[in-house]
Amino acid sequence: MSVARVSIQTTDFDLSQEVAALRDGDKRVGAVCSFVGTVRDRNDGSSVSSMELEHYPGMTEKAIEAMIDEAHRRFDILGARVIHRVGLLKPPDQIMMVAVVSAHRGQSFEACEFLMDYLKTQAPFWKKEQTPEGARWVDARVADDAALARWGISAPNA
């Protein structure tokens, strides 16, 4: 069974099911690395009651597919899967996951971190938080740009 590499969805996901589908009996897999991001109840000194994520269908998937292609070029991985949720989310909902499989752990760790750094700055998502002071758009952070730059990529935020 072939699993999609990228899913943008409103529904939640089950990490164990996603990893099982990514591995799908491939006996070459010796390592799985995953990351799950969740909605925090605080950001930039304010409490957060919810976060709404928006994207451009088609464009977002294409951008993330290109990121996974780049991970395959840079690292000896067997597969990768990215799920990102959109719509209204509340603490502590899952927002997104990255899972990577490879023969050896080092490649999985590096590729997973690379994809997270790339996604954080280059994936075309827009996030709006609800705080006691009202709604606010979440801006990119300088630290996220620095994380991407360590991979030799200098690109303005998406």
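D117 touches A147, L148, R150 and W151, not counting residues up to four places away in sequence, where touching, or contact, means heavy atoms within 4.5 Å. D117 is found in helix α3, and at 12% relative accessibility D117 counts as buried; here buried means under 20% relative accessible area, exposed over 50%, and partly exposed in between (1.4 Å probe, protein chains only). Helices (H or I, at least four residues) and strands (E, at least two) are DSSP runs, numbered from the N terminus.

The model is predicted, and local features need pLDDT of at least 70, side-chain atom pairs count only at pLDDT 80 or more, and totals for chains, interfaces and linings use all residues. Residues are numbered from 1 along each chain as its sequence is written, and side-chain values use heavy atoms, with hydrogens and water left out.

### The nonpolar cores

In soluble globular proteins, nonpolar side chains tend to be buried together. A nonpolar core is taken here as a set of buried Ala, Val, Leu, Ile, Met, Phe, Trp, Tyr and Cys residues joined through side-chain atoms within 4.5 Å. The largest such core holds 32 residues, of which I64, V98, V100, F114, L115 and L119 touch the most other members. Two or more residues each are given to this core by β1 (6-9), β5 (50-55), α2 (59-74), β6 (77-85), β8 (94-102) and α3 (105-122), and the largest share, seven residues, comes from α3. A second, separate core has eight residues, including F13, V19, I83 and A99.

V98 shows how these parts meet: leaving aside its neighbours within four places in sequence, V98 is in contact with C33, S34, F35, R81, V82, C112, L115, M116 and L119. H84, which lies in strand β6, counts as buried at 5% relative accessibility, and its contacts, again leaving aside neighbours within four places in sequence, are S7, I8, Q9, L53, I95, M96 and F125.

At the surface, Y56, M59, W126 and W137 form a nonpolar patch with about 450 Å² of accessible area together. Accessible areas come from the Shrake-Rupley method with a 1.4 Å probe, and for residues only the protein chains shown count as cover. Patches are made of residues with over 30% relative accessible area and no salt bridge, with like charges joined within 9 Å and nonpolar side chains (Val, Leu, Ile, Met, Phe, Trp, Tyr) within 5 Å. Y56 is found in the loop between β5 and α2.

### Helix α1

The buried residues of helix α1 (residues 15-23) are E18, V19, A21 and L22. They cover an arc of only 160° around the axis, which puts them on the same side of α1; the arc is that of the directions from the helix axis to the C-beta atoms. These buried residues pack against β2 (31-38), β6 and β8, whereas S16 and Q17 are exposed on the other side of α1.

### Salt bridges

Side chains of opposite charge can pair when their charged atoms come close. A salt bridge is counted when a side-chain nitrogen of Lys or Arg is within 4 Å of a carboxyl oxygen of Asp or Glu, and by this rule the count comes to eight salt bridges.

| Pair | Closest N to O |
|---|---|
| E18 and R81 | 2.7 Å |
| E129 and R136 | 3.0 Å |

The pair of E18 in helix α1 and R81 in strand β6 links distant parts of the chain, 63 residues apart. E18 is buried, with a relative accessible area of 14%, and R81 counts as buried at 5%. D26, at 25% relative accessibility, counts as partly exposed, while R28 counts as exposed at 53%. E129 counts as buried at 3%, whereas R136 counts as partly exposed at 24%.

### Backbone features

Most residues other than glycine have a negative phi, and most peptide bonds are trans. D24, in the loop between α1 and β2, has a positive phi near 35° and counts as partly exposed at 40% relative accessibility. D44, in the loop between β3 (42-43) and β4 (46-47), has a positive phi of about 50° although it is not a glycine, and D44 is exposed, with a relative accessible area of 61%. The peptide bond from P91 to P92 is cis, with omega near -5°, and P92 has its place in the loop between β7 (87-89) and β8.
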